[in-house]
Amino acid sequence: MSESNLILKKICKSYNQANNSLSILKDISLEVKSGDFIAVTGPSGSGKTTLLNLVGLLDTADEGTISFNGKDLTYLNSEQKNKFRRDNYGFIYQNYNLLENFNAIENVALPLILNGYSKVEAIQRAKNTMKLFMIDNRSLHFPNSLSGGEQQRVAISRALINNPKFIIADEPTGNLDSMNSDLVFNYLKNYVESENMTLIIATHDEELASKANKRINL
Ligand SMILES: Nc1ncnc2c1ncn2[C@@H]1O[C@H](COP(=O)(O)OP(=O)(O)OP(=O)(O)O)[C@@H](O)[C@H]1O
Ligand SMILES: [Mg+2]
């Protein structure tokens, strides 16, 4: 298995708010090695989602660089960023971002279909992944008829389905009760370890963060 290193160097990000510049991230540096489990912690509003969106190439930093195996990703155009994300990332959004017009299993299967799998095979694989997260019994539900925790487990299944190198998860268990949170997180962690994936999560959960091998507190 080849090493895949993601390096953030002196990342700065501000937002413009009512003519004021609001500095959120200042000189954040981080080295992510393949197989790492990284926890991004900090209070609400400290910039966890902002940092994950930058790592996920969903937003751009004002200063600093993000590179992958020595290649600077800062200068990719949006099509190249999309391709990089499709090839390397599974993203679990804080608000899930499930597609409302597709049912649960179609949401999970979609990344495979976009990568050229037949619909039949994609649906079969989606079903297997959803089983791991005990959500296959809601396959035909549309997102608006799923509970928050169920949507979260669909979103986790969708992020894992392509076997990406990196799982970037924004509060992946934020909507689950503590028993289900432990259960889902342990499945996620075991899956990530067995596939030699790298896991980057933002979390408020101290117990969950304590399992990480690297931490960055904002
Ligand atoms: N598009 C935006 N424009 C202006 N300000 C923004 C924007 N997005 C985020 N912010 C501000 O940046 C700060 C950091 O937001 P962010 O969502 O990264 O926090 P967070 O650590 O993920 O919080 P939470 O734990 O509540 O999810 C917040 O104060 C927020 O108000
Ligand atoms: Mg957030």
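Four strands form an open, antiparallel sheet in the order β2-β1-β4-β5. Strands are DSSP runs of E of at least two residues, helices are runs of H or I of at least four, and both are numbered from the N terminus. Two strands pair if DSSP finds at least two bridges between them. The edges are held by β2 (20–32) and β5 (71–72). Each has a single partner strand, so one side of each is left without a neighbour in the sheet. Five antiparallel bridges link β1 and β4 (residues 63–68). Lysine 9 lies opposite threonine 65 in β4.

The model is predicted; local features require pLDDT of at least 70 and side-chain atom pairs pLDDT 80 or more, while totals for chains, interfaces and linings use all residues. Residues are numbered from 1 along each chain as its sequence is written, and chains are lettered from A and ligands numbered from 1 in the order in which they are written.

The protein chain has seven helices and nine strands. Its C-alpha trace spans about 45 × 40 × 35 Å along the principal axes. Of its 218 residues, 35% are buried (20 or more other C-beta atoms within 10 Å of the residue's own, with C-beta atoms placed from the backbone).

Key
A residue is buried if 20 or more other C-beta atoms lie within 10 Å of its own, exposed if 12 or fewer, and partly exposed in between; C-beta atoms are placed from the backbone.
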